[in-house]
Amino acid sequence: MRRHLSLVPFLLLLAACGSQTAGTPSAPAPGASTTAPAAAPTTGPADPAATATAPTATATATVSPAATVSGPQYAFINKIDPASRELTYDLVEYFVGEAAVQACADDGEKPAENDWCVGYYIRNNNPKLRTVKFAPGAAIRVVDLGELKKADLGRLEGGMLLRFRIEGGSITEADQVYLS
């Protein structure tokens, strides 16, 4: 019994440290934002020199992300409800160019067809779903014959990769990301 009690302080210390592995960043506090690594600045998909974007904060699907998520985001659409203007999405990190090559190497991924790990790479380490509404008048564009063209919410569908911007707790613009 005494031996088991001597482990209690050690287990409490271990629990306080969390289950993070070395080199893995911890989740930000609510209201805090994180930035992408120095080698991976946040940019849009139209910039060929773009390297990556990382999630800027965490939120849950049952809580409005208004206070915790802002700026450009990359995510896969889980569900879109045009009537309520709500998007449920799975936030990802999107890398292009040299950052894609480095991220793939870091994750032990190998290059494949369609520029995977050479032209682009998508990291999805968190299956958490988030929900946010589109602002009235939000600019929405989808890929049509190789070009981004203005569209309405009805053109968005599950599985699409989007780059979108959240301002004031709502999506103000969203562009489908074409994956070759």
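**A walk through the fold and its disulfide**

Let's start with the contacts (heavy atoms within 4.5 Å): among those in the protein chain with a separation of 6 or more, 59% are between residues 24 or more positions apart. Keep in mind that this is a predicted model, in which local features need pLDDT of at least 70 and side-chain atom pairs count only at pLDDT 80 or more, while totals for chains, interfaces and linings use all residues. Residues are numbered from 1 along each chain as its sequence is written, and side-chain values use heavy atoms, with hydrogens and water left out.

The protein chain has 2 helices and 8 strands, taken as DSSP runs (helices H or I, at least four residues; strands E, at least two) and numbered from the N terminus. Of the 180 residues, 36% are buried, where buried means under 20% relative accessible area, exposed over 50%, and partly exposed in between (1.4 Å probe, protein chains only).

Now for the cysteines. A disulfide here is a pair of cysteine sulfur atoms within 2.5 Å, and the count is 1. Its partners are Cys104 and Cys117, with sulfur atoms 2.1 Å apart. The pair links distant parts of the chain, 13 residues apart: Cys104 sits in helix α2 (residues 97–107), and Cys117 in the loop between α2 and β4 (120–123). Cys104 is buried at 2% relative accessible area, and Cys117 is buried at 2% as well. The link is left-handed, with -90° about the S-S bond.

The loop between α2 and β4 also holds Asp115, which is partly exposed at 44%. Asp115 lies 18 residues from Gly97 in sequence, and their C-alpha atoms are 9.6 Å apart.
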